Amino acid sequence: MKKRTILSFGVIMISIFLISAFIPYKWSFVFFEQRTTHTVAYLPLQNEKSFQIRYTHSIHLSDVLETYTVSKRHNIQLSSLEYEDFAIGMPSGAGKGENFVEKEGKYYITNMSQVFPSFDLHVGDIERDLAFRYVDYEYNLKNYLTRGETYTFQVARLSLVDQLKGARLRER
């Protein structure tokens, strides 16, 4: 009788562990495969709610720095933009309520308030920068994401299984 109780307890504990492995619990910055929504890469969200994406624009080949904030509801708010050229794809001025400044050859748009639940990020197949900056560290996204592919980026809860499927961004 005692063996059955121990065996039943063991089965219950293993079942609880297996079930809990699939429950999303950890808020993270996540890059999902666009077509399948599989986790490709992630970075756990800490107390800091601001992050940046820095890239080299594929047409005019100058740096662009986008600054975002994570909202209380875990949406993504674009708060500022820094760039060097008005060429294709870059704004030539500020929108309603935004501030536009030119300083030392760079253009800055601040006070931006566009909010997104997620956005798509295309990884260009060129030898140029694409980086994710968070908590004083810059992660080279081309070490984790495949060139020529498009990913959905969002702040989402991940389960233990999701974390095992994706690559955690690491300081190198």
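Colleague: Patches are made of residues with over 30% relative accessible area and no salt bridge, where like charges are joined within 9 Å and nonpolar side chains (Val, Leu, Ile, Met, Phe, Trp, Tyr) within 5 Å. Which residues form the nonpolar patch on the surface here?

Modeller: First, a note on the source. This is a predicted model, in which local features need pLDDT of at least 70, side-chain atom pairs count only at pLDDT 80 or more, and totals for chains, interfaces and linings use all residues. Residues are numbered from 1 along each chain as its sequence is written, and side-chain values use heavy atoms, without hydrogens and water. The nonpolar patch consists of Ile14, Phe17, Leu18, Tyr25, Leu160 and Leu164, with about 640 Å² of accessible area together. Such areas come from the Shrake-Rupley method with a 1.4 Å probe, and for residues only the protein chains shown count as cover. A salt bridge is a side-chain nitrogen of Lys or Arg within 4 Å of a carboxyl oxygen of Asp or Glu.

Colleague: Which element gives the largest share of the patch?

Modeller: Helix α1 does, with three residues. Helices (H or I, at least four residues) and strands (E, at least two) are DSSP runs, numbered from the N terminus.

Colleague: Where do Phe31 and Phe132 sit in the chain?

Modeller: Phe31 is in strand β1 (residues 26-33) and Phe132 in strand β10 (residues 130-134), 101 residues apart. Phe31 is buried because its relative accessible area is 0%, and Phe132 is also buried, at 0%.

Colleague: What does β1 pair with?

Modeller: Eight bridges join β1 to strand β12 (residues 150-158), and the two run antiparallel. Five bridges join β1 to strand β2 (residues 39-44), also in the antiparallel sense. Two strands pair if DSSP finds at least two bridges between them.

Colleague: Which residues stand opposite each other?

Modeller: Among them, Glu33 has Tyr151 in β12 as its bridge partner, and Phe32 stands opposite Thr39 in β2.

Methods
Buried means under 20% relative accessible area, exposed over 50%, partly exposed in between (1.4 Å probe, protein chains only).
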